[in-house]
Amino acid sequence: SAMSVLETCPPDQEVPRFAINGSGENSGLAKWRTVVKEIGHFAAVHSGSKSVVPLPDFEGETYATFEELIDDITTRELNRYGQHVSIVKHFKERTQEVVERFKRDVMSHNHKPEDADILLSTVHAAKGMEWDNVELCDDFVELAKFEVKAVRARFDFKSFGDDINLVYVALTRAKKHLTVPSRFLDLVRGLHDLERLRALLREDEHSGEEPDAVMVCGKPRPIGEAKVIARQVLDEWQNEMR
């Protein structure tokens, strides 16, 4: 993210010139003013200096720990705060310091796009626009987890809906080069594994000689175990998508 770029720059070193894409209350500089203020509230809960988040979504709620706040956000699927959580988890007690530097070195300058080294944009503000080089920041929502232990498996793919559409918009803004965070690749690998499991069960419907073992999620497994995993994962996938 832009804050990670600033983190790598010593305080006395000139930082890249940032431009902020978009305008209006829900985009551009106004949007970022709101976001950094909200991140400050989250950082206060993380540090223990406050136990409440003074935002409408959290009215009446009290949190003894930052983990309780994360659990509440996850349970109620308040996905718009995924970025806030990611930033605080990454910078921890330094969050407010980094946010203040972001305000000073990025927001206060807000160079024109044609003069900037980096154009910072929300996905909403980027709709309909394209650039040669695009990097999807690592503070985007975590989309999926894929876990297999022994013969027990779980594919956790929540119905994020609009967030998946946003990912599509983000990925299609690049004309030449696209860089994505590793956890996005986890989603791609998970979907690939899901398709491999589907193929494994389709092969089971046909007669013919079976291999002794097959690769499932990066590990060779006996064919019987692999089919048990495949059926369980596909059943859970169908339940998730209902």
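Tutor: Helices here are DSSP runs of H or I with at least four residues, strands are runs of E with at least two, and both are numbered from the N terminus. By that count the protein chain has 9 helices and 8 strands. This is a predicted model, in which local features need pLDDT of at least 70 and side-chain atom pairs count only at pLDDT 80 or more, while totals for chains, interfaces and linings use all residues. Residues are numbered from 1 along each chain as its sequence is written, and side-chain values use heavy atoms, with hydrogens and water left out.

Start with one residue. His41 lies in helix 2. His41 has a relative accessible area of 15%, so it counts as buried (buried is under 20% relative accessible area, exposed is over 50%, and partly exposed is in between, with a 1.4 Å probe and protein chains only). Apart from neighbours within four places in sequence, His41 is in contact with Val53, Pro54 and Leu55 (contact means heavy atoms within 4.5 Å). In the protein chain as a whole, buried residues make up 41% of the 242 residues.

Next comes the core. A nonpolar core is a set of buried Ala, Val, Leu, Ile, Met, Phe, Trp, Tyr and Cys residues joined through side-chain atoms within 4.5 Å. The largest one has 30 residues, and Met3, Phe42, Phe58 and Leu69 touch the most other members. Two or more residues each come from strand 1 (18–20), helix 2 (28–47), helix 3 (66–75), helix 4 (82–91) and helix 5 (95–107). The biggest share is that of helix 2, which gives 7 residues.

Beyond four places in sequence, the contacts of Phe58 are Phe42, Val53, Tyr63, Leu69, Asp72, Ile73, Arg76, Leu78 and Tyr81. Leu69 belongs to helix 3, and it is buried, with a relative accessible area of 0%. Leu69 and Phe58 are 11 residues apart along the chain, and their C-alpha atoms are separated by 9.3 Å.

Now the helices packed against helix 2. Two packed helices are described by the angle between their axes and the distance between the axes. Axes are lines fitted to C-alpha atoms, for helices over the stretch in contact, and angles run from 0 to 180 degrees between N-to-C directions.

Take helix 5 as the partner. The axes of helix 2 and helix 5 come within 9 Å and cross at roughly 165°. The two are therefore roughly antiparallel (under 35 degrees is roughly parallel, over 145 roughly antiparallel, 65 to 115 roughly perpendicular, and the rest oblique). Their crossing is left-handed (the near helix is turned anticlockwise from the far one by less than a right angle; clockwise would be right-handed). On the side of helix 2, Leu29, Trp32, Arg33, Val36, Ile39, Gly40 and Ala43 make the contact, and on the side of helix 5, Thr95, Gln96, Val99, Phe102, Lys103 and Met107 do. By class this contact has 8 nonpolar, 3 polar and 2 charged residues (Ala, Val, Leu, Ile, Met, Phe, Trp, Tyr, Cys and Pro count as nonpolar, Asp, Glu, Lys and Arg as charged, and the others, Gly among them, as polar).

Helix 4 is the other partner. Helix 2 and helix 4 pack at an angle of about 55°, with their axes 9 Å apart. They are therefore oblique to each other, and the crossing is right-handed. The contact is formed by Trp32, Val35, Glu38, Ile39, Phe42, Ala43 and His46 from helix 2 with Gln83, His84, Val85, Ile87 and Val88 from helix 4. Its residues divide into 8 nonpolar, 3 polar and 1 charged.

Helix 4 itself is largely enclosed by the rest of the structure, because 8 of its 10 residues are buried. These are Gly82, Gln83, His84, Val85, Ser86, Ile87, Val88 and Phe91. Lys92 follows helix 4 and sits in the loop between helix 4 and helix 5. Although Lys92 is not a glycine, it has a positive phi of about 50°. Its relative accessibility is 44%, so Lys92 counts as partly exposed.
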